[in-house]
Amino acid sequence: MAKTAEIELKAHVGNSDECKKTLDGLAGEGTAFSKDDTYWFAPAVLHYFSGPRVRQETKENRPRTLVTWKNKQKRGELEVNDEHELEVTDGKEFEALLVLLGLEKQTVKHKQGWSWHYDGITIELCEVSGSVKKSFKKNSSARQGRVKNLGWFLELEIITDDDSEKTIALARDRLFAVLEKAGIGKKTMESRYYAEMLAE
């Protein structure tokens, strides 16, 4: 199991084709990926525990299932997360365990696009869609909300084991520099979590 801090930002992309060409020129040909995330939440009595994300991911034709849980923080324009992650061999069996523990699906999210690695930064250009359950109660029969397409986003991420203010400030400058090289303005940056946007 890995524990890391991730420093990231995301921004809306108006022209995904143009952005991909720019990124291919900057960092080489992108790698196609697809990610399906399910976010599990505990009953209200356990409100301090937001629950894990179960991700079904395919990259370079290799499928895998990752379980992640985070302590999320907003620091200015950036999201700084204390992240814990492990890979499981059987995602469906793991989700069956979550049901037995009293957790419930709340949000589902689909991301597909391309990824690059440039100067120690993970870059993803992705189209994002998903849905959020309208109400949450233990053993609730409420249905998942309608699927909503949020459009295209550029995500930039630096992984580190140091989340000091100095490290974050240096990371911010590096992320902003790549955002500019990708031809995306700071005004298009999005501070909301995808789950918040899907719930609106």
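This is a predicted model: local features need pLDDT of at least 70, side-chain atom pairs count only at pLDDT 80 or more; totals for chains, interfaces and linings use all residues.
**Note on aromatic contacts and pockets**

1. Phe-153 and Tyr-194 are both buried.

2. The structure contains two aromatic pairs. In one of them, Trp-114 and Trp-152 are stacked, with 6.0 Å from centre to centre and 10° between the planes. Trp-114 belongs to strand 6 (residues 104–118) and Trp-152 to strand 8 (residues 148–160), so this pair ties together parts that are 38 residues apart in sequence.

3. Phe-153 and Tyr-194 form an aromatic pair with an edge-to-face arrangement, in which the centres are 5.1 Å apart and the planes stand at 80°. Phe-153 lies in strand 8, whereas Tyr-194 lies in helix 4 (residues 194–199); the pair therefore ties together parts that are 41 residues apart in sequence.

4. Two lysines should be noted alongside these rings. Lys-10 lies over the face of Tyr-194, at 4.7 Å from the ring centre. Tyr-194 thus takes part in the edge-to-face pair with Phe-153 and also has Lys-10 over its face. Lys-72 lies over the face of Tyr-193, at 4.4 Å from the ring centre.

5. The next topic is empty space. Rolling a probe the size of a water molecule over the atoms shows where such space is left. The largest pocket has a volume of about 1,000 Å³. Its lining consists of 42 residues, and those nearest the centre of the pocket are Glu-6, Arg-53, Arg-55, Lys-70 and Glu-83. Sorted by class, the lining of the largest pocket comprises 20 charged, 14 nonpolar and eight polar residues.

6. The second largest pocket holds about 150 Å³ of space. Which residues lie closest to the centre of this second largest pocket? They are Asp-36, Asp-37, Thr-38, Val-108 and Lys-109, out of 13 residues that line the pocket. By class, this lining has five charged, five polar and three nonpolar residues.

7. Several elements contribute to the lining of the second largest pocket. Strand 2 (31–41), strand 3 (53–59), helix 2 (91–100), strand 6 and strand 7 (121–132) each supply at least two of its residues.

Methods: Residues are numbered from 1 along each chain as its sequence is written. Side-chain values use heavy atoms; hydrogens and water are left out. Rings of Phe, Tyr and Trp (its six-membered ring) pair if their centres lie within 6.5 Å; planes under 30 degrees apart count as stacked, over 60 as edge-to-face and the rest as tilted. Helices (H or I, at least four residues) and strands (E, at least two) are DSSP runs, numbered from the N terminus. Buried means under 20% relative accessible area, exposed over 50%, partly exposed in between (1.4 Å probe, protein chains only). A charge sits over a ring if NZ of Lys or CZ of Arg is within 6 Å of the ring centre and within 35 degrees of the ring normal. On a 1 Å grid over the protein atoms alone, a cavity is a set of points where a 1.4 Å probe fits but cannot get out, and a pocket is an open set with protein on both sides within 12 Å along at least five of seven lines; lining residues have an atom within 4 Å of a point. Grid points are joined across faces, edges and corners, and a volume is the space filled by probe spheres set on the points. Ala, Val, Leu, Ile, Met, Phe, Trp, Tyr, Cys and Pro count as nonpolar, Asp, Glu, Lys and Arg as charged, and the others, Gly among them, as polar.
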